[in-house]
Amino acid sequence: MINKSALFSDETAEFKSPYQPRPGDRVTLRLRTLRDDVTSALAYVNGDALPMRRTAQTGYFDLYEVSFTCPKEPVQYYFNVSDGAQCLWYSRLGCTEQAPREGHFAILPQFHIPEWAIGTLYYQIFTDRFCNGDKSNDVENGEYYYHGPVHRVKDWNALPKKLDVGNFYGGDLQGVMEKLDYLRSLGVETVYFNPLFLSPSNHKYDTQDYDYIDPHLAVITDDCPGTPGRHSADNAKSARYIRRVTSRANLEQSNAYFARLVEEMHRRGMRIVIDGVFNHCGSFNKWMDREGIYRRAGGSYAPGAFQSVDSPYRNYFCFSGNDRADAPYEGWWDFPTLPKLNYEGSGELTEHMLDVAQRWVSAPYGADGWRLDMAADLGHSPEVNHAFWRAFRRRVRQANPEAVILAEHYGDPAAWLDGSQWDTVMNYDAFMEPVTWFLTGMEKHSDYFDGAKLNNGTLFFESMRLHMSRLPRPCLDAALNQLSNHDHSRFLTRTNRTVGRLDSAGAEAAGQQVDERVMRLAVLIQMTWPGSPGIYYGDEAGQVGWTDPDSRRTYPWGRENRGLLDFHRRAASLRKELHCLRRGSLIPLAAGDGYIAYGRFDREDCAVVVIHNGDSPLSLNLPVWMLNIPVDRRLEPVLSTASAPLPEIPTVSASGLMLTLPAKTGCVYRFRY
């Protein structure tokens, strides 16, 4: 019988080279089998059976390979092996006794993801809540009206309210500039910003002007007295706000400040990804001008679509009629504050947005990529959606060939990952959700608990294998692996296994009965799993919070959980110390009630990762021969989630590697080939 556990291949550079083939390249595919275990091996490449030859015997294994010239068209492949009596097939979904219909390995010759984005360590900043470096640009009480009078929160440590959209804590780009040394000390390589463009909300997913950074986040030098605390809903009378957001001096200086921030980050070897909301804008947007702000400002601003049926922007939106300017219009999810953009009705809108896409990744700004908000929702049809993203990619890559395109998406993203649209996705299906279910049993909003998924190691690997198979390997290695973000509850709160939201459970409950040990286990998985780990600001310092808006609490400067912060630093540093953690292969080693174990490996080194989420000590015998680790060799313990260091482990025996772990403990062991 063929040893199924020994069969292995993937799309890393060890088993497919080059890693990102281009048309005309000589591609080599490799398959691993147990030594002297099979008599023939075939690679089925786009349906053609190509004989593979044994090229090496190393340790426990044989390596078979085949080479061919990479075509211009996409390539799908899988393998077949036989020992004369048994025949097996191998794909991204593992071994089967029938030819696989899905889960094929893939090569996209026209697809190139920037090298810097493969495995980069992200840090997500929700700017208003990160650090207030310049109080002169803070939103003032009553400066304008948005779901009520806007409010300046003077107590940095105050907790968000249920209706939080108009509450501002004053975080800004100057605050980020002041904390760049901190980010470097954490090991951050790329900062992903929530939207920075002009907007009336603290979250800024309701863009008011795509051409300018919000002066409230950057520079306000041209100002005028306002009417603090006024309660009028007529924003055409908000003189101070109008001056602040329409003054060319403020707008141009804010853009210039952003350019300086990017330059300083690049000087420090850090990248920057900005958030683009292209599906909808805001009712304050200068094209819509529902509030009359730009009508009041006059000057070079054309009439907004809500102000005139003759507005040049009228067809940017879907109005119910043209008999009056203020007719009802389509809003995203029916929110009138979020007018949906009508790409089907306006070529000018499409061209303007493509100009925006190009401008911000070009000099003098030079952002390193875009995160695309609700990217699958753009347009009113799949045809328009895909056409826009193809044009978007062409324009962005023409301006900056090294810019990454990272999309927010829920569900199977395969239709957009064909090499012509997105580079990769926020990795909910193949990271955040399986990790959350396994370690906490909680849904990612803390909306319900599922005990059948808690501690189910077998389900964890099954879910990961299925969802990872939908991402071509470079897309997988560049995918944003987060534990928390601005749309979901904080992971540390999920460790309390409590269902709740801010309005139902109250703010204090988000920090009650949390388990830091489980948080450390999650971070350990995050830093050792394929993909690009992403720290949501404050997670590393022990911040808690229910789902939006409570997950948008401020960074707790001066009140950090120092132990958790130090663990993040040590876990992040592993990605530089162990080459295999960035681009290496992954092999599951063991899974059961409350535990998983897996190996990462490449030609240079190997990491054995064990995660024990149970409440009692655990003894495991791991089949590390699957990682080609020979008997009579010792592994080096390099990181533990426990406060006390783990003792040196016994020598690998013929039966495997015996480990004993305390409750709620994870560890990483290194082996150099």
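A residue counts as buried under 20% relative accessible area, as exposed over 50%, and as partly exposed in between. Keep that in mind for this tour of a predicted model.

**Stop 1: a surface patch**

Select Val-499. Is Val-499 buried, exposed or partly exposed? Its relative accessibility is 45%, so Val-499 counts as partly exposed. Look at its place in the chain: Val-499 lies in the loop between helix 11 (491-494) and helix 12 (502-505). Together with Val-499, Tyr-448 and Phe-449 make a nonpolar surface patch of about 280 Å².

**Stop 2**

In soluble globular proteins, nonpolar side chains tend to be buried together. Select Tyr-123, Trp-370 and Phe-392. These residues have the most contacts inside the largest nonpolar core, which has 141 residues. Next, colour residues 516-528. This is helix 13, and it gives the largest share of that core, 8 residues. Then pick Val-66, Ile-107, Val-624 and Met-626. They are among the 50 residues of a second, separate core.

**Stop 2: a sheet**

Strands of a sheet pair through backbone hydrogen bonds, either parallel or antiparallel.

Finish at strand 27. It pairs with strand 29 (residues 665-672) in the antiparallel sense, over 4 bridges. Select Glu-636 and find its bridge partner in strand 29: Arg-670.

Notes: Residues numbered from 1 in each chain as written. Predicted model: local features only at pLDDT ≥ 70, side-chain atom pairs only at ≥ 80, totals over all residues. Heavy atoms only, no water. Patch = residues over 30% accessible without salt bridge, like charges linked within 9 Å, V, L, I, M, F, W, Y side chains within 5 Å. Areas by Shrake-Rupley, 256 points an atom, 1.4 Å probe, with all protein chains shown as cover. Salt bridge = Lys/Arg side-chain N within 4 Å of Asp/Glu carboxyl O. Helix = DSSP H or I, 4+ residues; strand = E, 2+ residues; numbered from the N terminus. Buried < 20%, exposed > 50% of the residue type's maximum accessible area, 1.4 Å probe, protein only. Core = buried A, V, L, I, M, F, W, Y, C linked by side-chain atoms within 4.5 Å. Pairing = 2+ DSSP bridges.
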